[in-house]
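Q: I am new to this structure and would like to learn how to read it. Could we go through it together?

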Amino acid sequence: MVGNPLLGRIQNREAKVGVVGLGYVGLPLGMAFAEAGFPVTGLDVDQRKIDKIGKGESYIKHIPSGPLAELTNAGKLKATNDFAKSRELDCVIICVPTPLTASREPDMTFIIQTGEALAPYVRPGQLFILESTTYPGTTEEILKPLLEKGGLKAGVDFFLAFSPEREDPGNKGFNTKTIPKVVGGYSPACLEVAVALYGSALKEVVPVSSTRVAELSKLLENIYRCVNIAMVNEMKMLCDRMNVDVWEVIQAASTKPFGFQPFYPGPGLGGHCIPIDPFYLTWKAREFEFHTKFIELAGEVNWQMPYYVVQRTMEALNQNKKVLNGAKVLCIGAAYKKDIDDFRESPSLRVMTLLKEKGADISYHDPFVKELHKGHGFNMEMKSVPLDPETLNQYDAVMILTDHSHIDYNELVQRSNIVVDTRNATKAVTQGREKIVKA
């Protein structure tokens, strides 16, 4: 296998790097390689993204346009929808979505389509890396056969590896360059080349023995969070019945300097990872006649949280001699977490859908998500309304579903009739606390 020439090109920053899928994972990754001195080409089917990159304009809130424009103006980063260009690339990194089907099974559509699009242009000596979160075995069982369609063999004619993405949008403490990168290769030679590539642009690389280990490591990370969030969500529901503040309980427990890590309740799970990824392992486990009880129980608890939040809202309205049917409700936040513009799988959308089904007249405010459209189980077209203190009292209830930092929660409580707080955003509010309902 031709290995040394590619290693030399990587070490000299001459290797041409391609990134397929220019979303929350692919765009910052491409920028990281371009900033490290590699010529980078982004591949995407979305012409809007390609046009934006050509103009040096970011379409992701936490990625500023300035650094992007510097890279594109210098010719270090470009984008295209022409997959034939992949033949010219030395290293191709695949960062495409891996959603669930309607029956909550893995949807490999984007990986398969990408593999089929790249297959005609595979040449000897190239490196292909999958980053999309998926079940163990995907790289070898799905992607490898597609790339081998032209007759070249992985581990013999071209290199193949898996490295799970670990992006956390909005987290100012970590970024693509500083988060340790787990890498598994199809063969020792594949691992060597993949580690060399990531090591040339990122701070720390963690090699593992196989692609399957790397694939499962990402699922374990997200399952760990899913299960613990479900536990604390269940604890919140119990605390509400016991008239105990779960947030105070968590704060007290967090003072233990060992053996405890705090997790926090909310209206449900959001983002592209935690609500979805655990079910990739649940599905794969059936192949081995294994029932993943913890994962499925956690999924059940977290999936029920929007219903619980709506029920608490109904109870709060009832105490004010109002009913949910016909009530005016303002939902604060559509994004799945604070201060970002990502609303994929956001529990806010599920809460709004349930409110609408029960007859509520709903509006939403989110400075980062200006519009909502039909799709992914959400069946409404909506635009964010201004958060006007003078009109807050016109709503029967205001629900805090995402605790964005810009909001004056003191004023929001003072001006509102009822505030249903699912994020403990009103913890510092001192006046008007009788209006607050924790949910």
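Q: Is E221 buried, partly exposed or exposed?
A: Buried means under 20% relative accessible area, exposed over 50%, and partly exposed in between (1.4 Å probe, protein chains only). E221 has a relative accessible area of 24%, so E221 is partly exposed. A word on the source: this is a predicted model, where local features need pLDDT of at least 70, side-chain atom pairs count only at pLDDT 80 or more, and totals for chains, interfaces and linings use all residues. Residues are numbered from 1 along each chain as its sequence is written, and side-chain values use heavy atoms, leaving out hydrogens and water.

Q: Which residue forms a salt bridge with E221?
A: A salt bridge is a side-chain nitrogen of Lys or Arg within 4 Å of a carboxyl oxygen of Asp or Glu. Here the partner is R166, with the closest N and O atoms 2.5 Å apart. The pair links distant parts of the chain, 55 residues apart: R166 is in the loop between β6 (159-162) and β7, and E221 in helix α8 (residues 211-242). Helices (H or I, at least four residues) and strands (E, at least two) are DSSP runs, numbered from the N terminus.

Q: How many salt bridges are there by this rule?
A: The count comes to 19. One of them joins the side chains of K284 and E287 at 2.9 Å, N to O. Salt bridges that share partners connect E141, R212, K284 and E287 into one network.

Q: Is K284 buried or exposed?
A: K284 is buried, at 4% relative accessibility, whereas E287 is exposed, with a relative accessible area of 52%.
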